[in-house]
Amino acid sequence: MTESNPAAPGASEKSAPLKVLVVDDHPLVRRGIVETICEALANTVVGEASNSQGGLEMVWKEHWDVIVIDIAMPGRSGLDLLKDIRHERPKTPVLVLSTYSEDQFAIRTLRSGADGYLTKDVVELELVSAIKRLLAGGKYIRASLAEKLASHLDVNANKPPHQSLSDREYQVMRMIASGQTPKEIAAELCLSIKTVSTFRSRILKKMAMKNNAEVMRYAMENGLVKAPDPAQPGGM
C-alpha cells in the first residue's frame, strides 16, 4: 500500500486514514492515479491491484472508503469486478476511470452500480473532485453523460440491439467491431477461441446480424468504437 503525507496541522491525530483502492493493470497509469490521490487528500492510504482478481481479494480483506477501477483488464473485466463489489460491499462508492468514451461504456457501468464515470483524459483536479463527491455520498456524472442518461430513462422506448447483450458479449462485440481476430480476443480476455466463437454466435443472434461486417458497421454508426484513422496503417 501507499500512504500519503501525514494529516495537515490541526487535524486530529486519532482520526482514521481515508482508504482508497485503485485497480488498474497499467503500472504507470496506476502510479499516476495513486500519486494524484495522495497529494490531494491528506491522511490517505491507497491500496493497489493490477487485475480484477487482485482487487476482489483486497475487497474481501479490508473496508475501503472509495474504489477506483479500470474496465479493460486481462481476464475478468472491471465490469465483472464492479458486480462483485456490489455483492460484497454494496455501500462502497465505486468510480470507474476508463479509456473508453462515455458513449461506449458509461451508461452500462452506471446501470451495473458504479457511482461515477470518468475517462482517463481528465485533469487531476476533476479526478479528485469526483472522489470527494463520492466520499460525500453523491454521484459524479458529467453534464454530457447526464444528457445521455436522460435519453435512456424511458423504459418503453425501443432499445438499440447492443443493449440486449450481456457485459461480456458487449465487450467481445466491440473487439470484433474493432477488427480483432478470435485469437486476439481470446488472448486478451484469457478465453478459449471456442468460447469467443460462442460469444460471437450469441451476439449475431441477439443483434439479428449475419456477419462481422454488419457488427462493424453498426458499432461505427452508433459510436461504440472509434472510426479507423486514415493516417494509420489499416485505416480506411
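Reply: Buried means under 20% relative accessible area, exposed means over 50%, and partly exposed lies in between (1.4 Å probe, protein chains only). Helices (H or I, at least four residues) are DSSP runs, numbered from the N terminus. This is a predicted model, where local features need pLDDT of at least 70, side-chain atom pairs count only at pLDDT 80 or more, and totals for chains, interfaces and linings use all residues. Residues are numbered from 1 along each chain as its sequence is written, and side-chain values use heavy atoms, with hydrogens and water left out.

Me: How many of the 10 residues of helix α4 are buried?

Reply: Helix α4 spans residues 102–111 and is mostly covered. Its buried residues include F105, I107 and L110, and also E102 and R108. The number of buried residues in α4 is eight.

Me: Is C38 buried or exposed?

Reply: The relative accessible area of C38 is 13%. The cut-off for buried is under 20%. Therefore C38 is buried.

Me: At what angle do the axes of helix α1 and helix α5 cross?

Reply: Axes are lines fitted to C-alpha atoms, for helices over the stretch in contact, and angles run from 0 to 180 degrees between N-to-C directions. The axes of α1 (residues 27–40) and α5 (residues 124–135) come within 10 Å. They cross at roughly 70°.

Me: Which residues of α1 make the contact with α5?

Reply: Contact means heavy atoms within 4.5 Å. On the α5 side, the contact is made by E124, L127, V128 and I131. On the α1 side, the residues are I33, T36, I37 and A40.

Methods. Helix = DSSP H or I, 4+ residues; strand = E, 2+ residues; numbered from the N terminus.
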